[in-house]
Amino acid sequence: MTSYGWWLILFAIVYTLGLILAGQISRKKAKTGYFVGGRKFNKWIVAFCITGLFSGSTFISIVELSYLSGISAIWYGVAETTQILIIAFLIIGPFREKLVVTVSGMIGDRYGRTALGIGGVITAFAFPMWSVATAIAFASAVHVFTGFSLTLSVAFTALLLYLYLQAGGMWSIAFTQTMNFVVFGIMFVIGIIAFFINPGVAGLQAFAASNPAMFQLDSVGIQVIVAWFGTFLVNVILAQAAFQMSLSCRTPEEGQKGLKLAVVFGIPFILFGALFGISAAIVVPDSSLGLVALPQYLMEVLPAPLVGLFFLGIWACALSWGAPCQFSGATSLGKDVGSAINPAATSDQLVKYTKRSLLMLTVLMIIFGMARTEQSAWWNVLAWTMRNSATFAPVVAVLFWRLATKEAVVGSMVVGFLSGFIWYHLGGWLPNEFYLNIHPVWVGMSANVGTLVLISLAQNAGNLNINFSSVNVRKGYAAFGLAVLLLAGLIVQFQEIHQSGLLGIFSFSIIISLFIASIIFIPGTREETDSHVKQKIAGTKSN
């Protein structure tokens with residue numbers, strides 16, 4: 001093991017042990033709020049939590065992507081920032097009022113135990129994919145500095161994560177995210193020092209002249225950029241780990257302020273991620289893995305203690321993303337699936353189920369790392385594809401469509417999940433090339449929406465409350481008109497749209513527009529509508 005390895009392991013273990021000790025203290029608070037921290041977070045805790053969650057993972061993904069594709073990687077960060085803003089302005093208030101803990105729990109509350117169990121399992125198994133995506137960055141450094149295999153390094157990272165996570169629930173995560181914020185600052189300072197030593201401004205300018213493609217804003221590919229934005233926008237109502245932290249706030253207003261602060265705090269992660277990734281590409285140009293090239297680059301320019309501190313920051317990124325993801329996934333598996341299997345389970349039993357689920361998801365995370373110890377951004381998008389393809393339409397139905405049935409929700413979850421999974425398989429599980437040039441996320445979510453609508457309409461045929469004349473349906477006509485325009489554009493420009501990789505999002509946009517129109521034109525059955533009107537009349541009279 002090199003001196004770099006000793007410093008890295010020392011810093012990571014000491015830091016993690018400190019967090020574990022703090023987690024033991026957090027147990028006292030965890031007893032009154034294991035899953036949502038007793039809903040006592042202020043705006044600063046929410047800001048630190050969300051910054052660590054999103055910006056930590058964004059930084060790692062951008063470092064990797066910018067090493068391979070250049071500055072176009074910043075679109076990944078812009079897409080994720082857009083998601084945070086939408087959650088802040090549109091989602092945090094309504095979800096806080098509903099006291100949402102998990103997305104799968106919200107689905108189960110409306111559509112029953114089967115939907116709760118399926119949603120919980122799919123959601124839970126997606127989270128270790130997100131966790132391994134960031135763990136790979138720290139594991140890559142362990143691999144380079146110690147000589148351990150990349151797989152063994154991922155296992156070591158996962159076990160460190162587990163040892164910390166079992167401590168004190170959401171309060172432990174809140175403390176971790178706050179401490180990680182300090183470590184991020186140290187990492188940025190060291191990274192800037194490395195940049196000025198080599199390659200420096202002159203080296204960056206020379207590289208731009210000889211490799212102009214690395215400085216094109218679309219070099220990563222239009223389809224990939226569109227997939228990032230589309231996935232993050234759809235993820236707005238499905239961002240379970242973000243909800244679990246931000247909805248632990250005292251009030252919706254406090255949570256909204258925290259999310260806005262997180263957007264500001266996240267800007268350096270995007271800019272420095274691109275800078276450090278391109279710097280590694282200049283100094284270590286021959287690596288196929290950007291996350292392996294980064295430690296090799298820093299070894300070229302910095303002494304071992306500083307390199308160890310920099311990668312303590314990477315470990316903080318892994319903790320900031322991986323810890324909430326593993327905890328949120330364990331909540332879905334332990335609390336939601338546990339409730340589906342054992343409806344009579346007590347709160348203490350659900351906490352026990354969740355802690356056992358943490359161990360199970362840690363093992364799963366190690367298996368994922370063994371299966372594909374590379375391309376962290378690929379793991380992120382795969383997880384979004386699988387989770388969103390199952391839960392997107394059911395969550396929309398919970399919020400907006402009384403007509404949706406239990407059978408339709410369960411069917412849409414199964415069909416959507418399998419469609420996205422099979423499409424990835426048909427494309428050979430490649431990160432940037434897809435079967436028929438259509439990204440699996442659009443296939444899965446289209447199948448998810450289409451299945452829910454068709455089954456719901458079929459089951460309620462003959463009893464539908466169809467309304468095309470009310471003032472309230474203007475938005476339905478607008479949605480239907482948008483679907484027609486998109487379809488016409490798709491027919492006229494089919495070849496160009498397909499070649500550019502936009503066929504998937506065009507098709508999904510048409511389907512989602514028709515979904516919106518269906519929700520507005522057919523809000524429910526006639527009995528439900530009559531009952532709803534009577535309740536409103538009764539409420540008006542009582543007032």
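Which residues touch the most other members of the largest nonpolar core?

Author: The model is predicted, so local features need pLDDT of at least 70 and side-chain atom pairs count only at pLDDT 80 or more, while totals for chains, interfaces and linings use all residues. Residues are numbered from 1 along each chain as its sequence is written, and side-chain values use heavy atoms, with hydrogens and water left out.

The residues you ask about are Phe59, Tyr297, Phe311, Trp315 and Phe392, in a core of 163 residues. A nonpolar core is a set of buried Ala, Val, Leu, Ile, Met, Phe, Trp, Tyr and Cys residues joined through side-chain atoms within 4.5 Å. Buried means under 20% relative accessible area, exposed means over 50%, and partly exposed is in between (1.4 Å probe, protein chains only). Helix H13, residues 304-341, gives the most to this core, namely 18 residues. Helices (H or I, at least four residues) and strands (E, at least two) are DSSP runs numbered from the N terminus.

Take Phe392 as one of these core residues. Leaving out neighbours within four places in sequence, Phe392 is in contact (heavy atoms within 4.5 Å) with Val234, Ile237, Leu238, Met445, Asn448, Val449, Phe508 and Ile512. Another core, of 10 residues, lies apart from the largest one; Trp423, Ala483, Leu486 and Ile497 are among its members. In soluble globular proteins, nonpolar side chains tend to be buried together.

The totals give the setting. The chain has 543 residues, and 59% of them count as buried. It holds 21 helices and two strands. Of the contacts between residues at least 6 apart in sequence, 85% join residues at least 24 apart.

A buried residue can also be polar. Thr146 belongs to helix H5, residues 113-146, and counts as buried because its relative accessibility is 10%. A polar atom of its side chain lies 2.4 Å from the backbone oxygen of Val142, and the side chain of Thr146 also reaches the backbone nitrogen of Phe148 at 3.1 Å. Beyond residues up to four places away in sequence, Thr146 touches Met1, Gly5 and Ile9.

Val414, Leu418, Phe421, Ile422, Leu426, Tyr435 and Leu436 make a nonpolar surface patch of about 590 Å². Patches take residues with over 30% relative accessible area and no salt bridge, joining like charges within 9 Å and nonpolar side chains (Val, Leu, Ile, Met, Phe, Trp, Tyr) within 5 Å. A salt bridge here is a side-chain nitrogen of Lys or Arg within 4 Å of a carboxyl oxygen of Asp or Glu.

Phe421, in helix H16 (residues 406-426), counts as partly exposed because its relative accessibility is 35%. Leu436 sits in the loop between H16 and helix H17, residues 440-459. At 47% relative accessible area, Leu436 is likewise partly exposed. Leu436 has a positive phi, near 55°, and is a residue other than glycine. Asn437 is in the loop between H16 and H17 and has a positive phi of about 60°, although not a glycine. Asn437 counts as partly exposed because its relative accessibility is 23%.

Another loop, between helix H7 (169-197) and helix H8 (200-210), contains Pro199. The peptide bond joining Asn198 and Pro199 is cis, with omega about 20°.

Definitions and conventions. Accessible areas come from the Shrake-Rupley method with a 1.4 Å probe; for residues, only the protein chains shown count as cover. A polar contact is a pair of N or O atoms within 3.5 Å; within protein, one must be able to donate a hydrogen and the other to accept it, and residues adjacent in sequence count only if both atoms are side-chain atoms.
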